[in-house]
Amino acid sequence: MNETNYSRVTEFVLLGLSSSKELQPFLFLIFSLLYLAILLGNFLIILTVNSDPRLHTPMYFLLANLSFIDVCVASFATPKMISDLLVEHKTISFNACLAQIFFVHLFTGGEMVLLVSMAYDRYVAICKPLHYMTIMSRRVCIILVVISWFVGFIHTTSQLAFTINLPFCGPNQVDSFFCDLPLVTKLACTDTYIISLLIVADSGFLSLSSFLLLVVSYTVILVTVRKRSSASMAKARSTLTAHITVVTLFFGPCIFIYVWPFSSYSVDKVLAVFYTIFTPILNPVIYTLRNKEVKAAMSKLKSRYLKSAQISAFIRNVLSLETK
């Protein structure tokens, strides 16, 4: 389409989660509390892992990085969604919309690869325990994290390339609370059938390949665990249950949204809320409530800060008495 024949869209209208004015204050309160819980829960895990030397192991190093990515996943769109619940006209600039598309695929793509790395870590720990510290060295852990960010960057760059040069001249209403790639491409003033296929191929390949790697890894691990019955294997089963739960909660909505033929089905807002808000808040709960080492480290951290607070209060009281 010739550029002189249309006026380029400069902003999009986000329809949000609900058009009900009565419901929006309630949603504002709920999602504000959820977002606060995401920040506190995940930063608490990062602080706990960094402060306790007993948690300076490959598994907890990867867990801390997962918590950081979860904060990023929750933060690329949630603050905008929460603020939009207080306004009637929910708009986002064209550049900000592209930025949301970039970050959602960067963070979710990186998290997929990081979950595969965590599965590999558990595979080595359970199936090759004598070589664990040699295979999962600090250098290898850092490389795995760098690879997850690199794959996420390549994935999101390829996705954004499908969208950035599309002509947008007509409808500008996005039926979601953030700019999601399938919904935005539908608004282009051109035939997007081929682009839709490329999006499915790109996102589908990353989602399904990561998911299949995880299924194979956990199947091998579960077969190995089943052959053993020691106390250490009971601990391994507990850890695996947590990992498999996280994988199911994260990949389920992602695969449905980006692999299902969305030319016939609209993106479900509930699923979008699930993987951008509920999964990041469930990860700290799953990993802390089922992990005795993390709970013990958090208790130790709490005692340390309470003791520091008591000492500070005592010093302030002494100083105040001396000045009287």
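**Cysteines and disulfides**

Modeller: At 18% relative accessibility, Cys189 counts as buried. This is a predicted model, in which local features need pLDDT of at least 70, side-chain atom pairs count only at pLDDT 80 or more, and totals for chains, interfaces and linings use all residues. Residues are numbered from 1 along each chain as its sequence is written, and side-chain values use heavy atoms, with hydrogens and water left out.

Biologist: Why is Cys189 called buried?

Modeller: Buried means under 20% relative accessible area, exposed over 50%, and partly exposed in between (1.4 Å probe, protein chains only). Cys189 has 18%, so Cys189 is buried.

Biologist: What makes Cys169 buried or exposed, or something in between?

Modeller: The relative accessible area of Cys169 is 26%, so Cys169 is partly exposed.

Biologist: How do you know that Cys169 and Cys189 form a disulfide?

Modeller: A disulfide is a pair of cysteine sulfur atoms within 2.5 Å. The sulfur atoms of Cys169 and Cys189 are 1.8 Å apart, and the two form a disulfide.

Biologist: Which other cysteine does Cys97 join?

Modeller: Cys97 is joined to Cys179, with S to S 2.1 Å. Cys97 is in helix H4 (residues 94–127) and Cys179 in the loop between strand S3 (173–174) and helix H7 (181–185), 82 residues apart. Helices (H or I, at least four residues) and strands (E, at least two) are DSSP runs, numbered from the N terminus.

Biologist: Why is the disulfide of Cys97 and Cys179 called left-handed?

Modeller: The torsion about its S-S bond is about -120°, so this disulfide is left-handed.

Biologist: How many disulfides does the structure hold?

Modeller: The structure holds 2.
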